[in-house]
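Please examine the sequence and the three-dimensional structure shown below. The paragraphs after it lead through selected features step by step.

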Number of protein chains: 2
Amino acid sequence: MKAFFEPKSVAVIGASANPDKLGYGLVRNLEHFHGSVYPINPHEKEILYRKVYKSVLDVEGDIDLAVIIVPAPIVAKVLRECGRKGIKAVIIISAGFSEIGNKKGEKELIDIGKKYSIRILGPNNFGTANPWIGLDTSFNFTTPDSGEIAFISQSGALWAALSEWSKGRIGFSKFASLGNMIDINFSDVIEYLNKDSKTKVIICYIEKIVDGKRFMKVCRSSKKPIIVVKAGKSSAGSKAALSHTGSLAGSYKVYDAAFKQSGIYNVSTITEAFDRALFLTSQHKKGNKTVIVTNGGGVGVLMADYCSSFGLDVVDLPNSIKKLKISSNWSKSNPMDLVGDANWNTYKKVFNVLAKNKSFYDNLIVIILQQSTIKVEKTVHEILEFRRKTGKSIVCCFMGGKVLESAGKMLNKKGIPCFFEPERCARVLS
Amino acid sequence: MKAFFEPKSVAVIGASANPDKLGYGLVRNLEHFHGSVYPINPHEKEILYRKVYKSVLDVEGDIDLAVIIVPAPIVAKVLRECGRKGIKAVIIISAGFSEIGNKKGEKELIDIGKKYSIRILGPNNFGTANPWIGLDTSFNFTTPDSGEIAFISQSGALWAALSEWSKGRIGFSKFASLGNMIDINFSDVIEYLNKDSKTKVIICYIEKIVDGKRFMKVCRSSKKPIIVVKAGKSSAGSKAALSHTGSLAGSYKVYDAAFKQSGIYNVSTITEAFDRALFLTSQHKKGNKTVIVTNGGGVGVLMADYCSSFGLDVVDLPNSIKKLKISSNWSKSNPMDLVGDANWNTYKKVFNVLAKNKSFYDNLIVIILQQSTIKVEKTVHEILEFRRKTGKSIVCCFMGGKVLESAGKMLNKKGIPCFFEPERCARVLS
């Protein structure tokens with residue numbers, strides 16, 4: 001499994017010098033790869049300043065991983081060459097197999113894989129990524145930032161969309177698209193990710209699970225949190241899944257029960273999956289008792305509502321804190337409303353008070369609304385200091401313009417989720 | 001009421017030449033106002049190249065609207081001067097009245113208002129805005145874009161945050177902050193907005209309603225959709241509201257029932273309020289039958305799930321459409337999955353087919369995921385053409401990077417909601 005994510009050398013079979021071809025994108029995306037790249041194409045000499053080989057058999061050195069992007073009818077032939085070359089890990093990007101009814105062609109690939117002991121990811125696959133070593137075996141347009149969230153997806157397009165969207169917000173440890181899953185499936189990748197030191201949380205986009213029992217066992221014994229978005233819950237969705245990946249999505253009730261038994265976070269939306277993953281990369285839930293600090297009363301009220309609706313407890317402040325003169329107009333209750341003229345120093349005072357009285361709460365929600373008096377960078381610094389000192393769970397809600405947005409992204413990168421929408425803060429702590 | 005939103009002349013009482021003072025921000029924010037501005041301050045000569053008057057009584061011309069930002073103890077005095085000058089509309093930004101227990105001071109303002117027949121907005125208010133004529137009577141940092149959504153808020157900070165966030169996404173027809181509501185309240189503003197030609201939808205952020213019966217009557221007879229976010233639903237939130245604006249938020253059940261009886265959209269989050277408002281500015285719900293068009297199968301499956309969970313019907317395609325060769329690999333079912341290599345022309349073909357077979361569906365959801373083959377601007381053009389031809393309800397889901405994001409903003413401005421998150425599309429049509 002390691003070869004799919006940490007190869008020292010990669011061959012691209014079906015590499016192309018034509019920028020309109022997907023086989024060009026694959027070579028381009030390996031530009032920053034910390035290892036050897038061997039483009040394979042009998043009709044090309046050079047692609048993107050790299051020497052092209054006619055076949056993997058012509059490459060002198062070892063090849064840890066081969067990525068195949070030739071037309072479906074030729075896949076079996078080049079896969080056999082991989083076998084003869086001794087390549088043990090192959091990603092088959094090429095489509096045109098069971099998803100369009102070509103079960104015979106797919107069976108042939110399975111047989112070749114067995115004969116040569118090749119582990120196969122795909123076919124009809126979107127590749128893998130490991131941003132930590134510049135590995136991107138997709139024809140994606142963006143390689144995302146490196147980070148601590150692993151993503152396993154039965155949809156390649158979803159990954160393409162997320163990798164653009166995630167830039168500057170969220171980093172990935174590993175990515176794997178699964179395609180038709182003739183060999184490698186969710187369980188294999190999760191097992192590998194459990195041993196991967198860069199991965200702290202695993203997100204799965206699932207249409208179907210092929211090996212229910214093993215999947216449950218692997219998840220139950222996972223030391224890392226697993227978050228699942230299951231598509232095909234409804235009968236409309238389930239029909240759509242059948243047409244998308246040939247997946248019999250199955251009764252959602254069965255999935256739901258299995259996820260519960262396996263200790264999986266089963267969420268409804270991609271947004272919620274990433275919100276929770278972000279939190280779990282560096283924090284875990286310690287309890288329900290929550291303190292809200294805000295410079296905007298209205299959003300404080302809404303946040304208290306959301307906390308209640310997600311089962312969090314907006315605790316009473318101890319009298320010793322209520323008496324403190326943090327600022328002349330503060331609410332003296334939870335939410336701690338510091339009112340509109342609060343600056344970073346007012347927030348700092350609150351954090352110091354809370355750091356000294358740690359016993360009455362588990363979580364802190366920090367709300368900052370755009371105000372001329374706020375120096376966001378300094379407040380962010382104080383938030384990080386507070387976490388260092390107390391180890392409390394922290395989530396932030398920054399509502400406003402670009403300055404708050406980039407401060408929020410910075411916090412996200414440090415594992416403190418920061419959202420525009422107050423309801424997301426309460427949900428992630430719930 | 002008109003004078004608060006469409007004045008020809010505005011006096012700023014408490015104007016300041018010091019950029020650190022809020023009275024400076026007020027004059028600055030009137031820079032683009034299509035009318036006369038009279039800064040009032042007995043100790044200043046000129047502010048931002050405008051002549052300063054010692055009192056409103058020194059201004060020769062008529063003053064339609066006065067904005068007061070002097071310290072609380074002086075408010076009564078300048079308000080009386082407004083009365084003597086014949087000003088009939090006054091916004092009192094100054095805080096320091098009932099919200100901190102100064103009921104006597106507030107009563108004095110009420111009495112002066114009555115004596116001189118002045119309509120008062122506030123005190124403890126954040127001002128009003130009418131971006132269509134450059135009117136911004138707040139010390140906000142951004143004046144939002146002009147548009148068709150009116151927003152009435154009991155929280156000024158929320159407006160400050162939203163006006164930054166909304167830039168380039170959402171336009172506003174009018175904004176009013178309500179503050180302590182000693183005179184003007186939700187009902188007054190809603191009545192005015194019903195006659196305002198620029199306003200198509202009204203959003204209210206409510207902590208408390210002071211005149212329940214009238215509010216219900218006004219809402220019931222409103223020709224424009226009213227969307228409400230009610231804060232203080234939970235007991236924690238309700239306590240917070242008390243401390244924020246002195247609002248007894250009241251039993252949420254009572255509010256909920258009253259909203260239902262008044263034909264109000266009662267939503268839980270600010271995001272949902274704006275999503276729905278965006279839709280309602282140019283569309284209305286015609287039915288549940290929904291067609292989904294996508295270039296990413298996975299998101300199509302999720303969208304079908306969300307549609308089902310929000311009560312929409314992912315209708316079967318007529319056989320006449322299933323037979324069509326829109327592209328070689330399309331799913332031939334709903335969601336209509338055009339697969340990854342679809343381009344704008346594939347979408348155009350689908351739109352043409354749907355425009356010719358209008359009877360079997362009410363809504364169209366268009367999903368576009370980042371793909372090298374997509375020319376988004378052209379696809380957006382075809383979406384607008386489709387709307388022009390069919391009048392169907394349309395919502396889009398664009399998932400990907402900057403190009404899709406700006407195309408989405410463009411669609412938002414044309415009244416076609418476009419979101420990154422598929423669940424928001426289904427919710428807005430529900």
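The structure is a predicted model.

Strands of a sheet pair through backbone hydrogen bonds, either parallel or antiparallel. Within the sheet of chain B, strand S5 (residues 65-68) and strand S6 (residues 89-92) run parallel and are joined by three bridges. Ala66(B), for example, has Val90(B) in S6(B) as its bridge partner.

Attention may now pass to charged side chains. Side chains of opposite charge can pair when their charged atoms come close. Over all chains, the rule applied here gives 39 salt bridges. One of them links Glu108(A) and Arg80(A), with an N to O distance of 3.1 Å. Glu108(A) belongs to helix H4 (residues 103-116) of chain A and Arg80(A) to helix H3 (residues 72-85) of chain A, so the pair ties together parts that are 28 residues apart in sequence.

How many residues does each chain bring to the contact between chain B and chain A? Chain B contributes 55 residues, and chain A contributes 55 residues. The size of an interface is often given as the accessible area lost when the parts come together. Chain B and chain A bury about 4,000 Å² between them, with 65% of it on carbon and sulfur atoms. On the side of chain B, Val301(B), Leu302(B) and Asp305(B) lose the most area to chain A, together 12% of what that side buries.

Two salt bridges are found across this interface of chain B and chain A. In one salt bridge, Lys239(A) pairs with Asp316(B), and their closest N and O atoms are 3.0 Å apart. The interface also has 14 residue pairs in polar contact. Several elements of chain B each supply at least two residues to the side that touches chain A, among them helix H5 (156-166) and strand S13 (226-230). The largest share, nine residues, comes from H11(B). By type, the residues on this side of chain B comprise 24 nonpolar, 20 polar and eleven charged.

Definitions and conventions: Residues are numbered from 1 along each chain as its sequence is written. Chains are lettered from A and ligands numbered from 1 in the order in which they are written. This is a predicted model: local features need pLDDT of at least 70, side-chain atom pairs count only at pLDDT 80 or more; totals for chains, interfaces and linings use all residues. Side-chain values use heavy atoms; hydrogens and water are left out. Contact means heavy atoms within 4.5 Å. Buried area is the accessible area (1.4 Å probe) that two parts lose on being put together, summed over both. A salt bridge is a side-chain nitrogen of Lys or Arg within 4 Å of a carboxyl oxygen of Asp or Glu. A polar contact is a pair of N or O atoms within 3.5 Å; within protein, one must be able to donate a hydrogen and the other to accept it, and residues adjacent in sequence count only if both atoms are side-chain atoms. Helices (H or I, at least four residues) and strands (E, at least two) are DSSP runs, numbered from the N terminus. Ala, Val, Leu, Ile, Met, Phe, Trp, Tyr, Cys and Pro count as nonpolar, Asp, Glu, Lys and Arg as charged, and the others, Gly among them, as polar. Two strands pair if DSSP finds at least two bridges between them.
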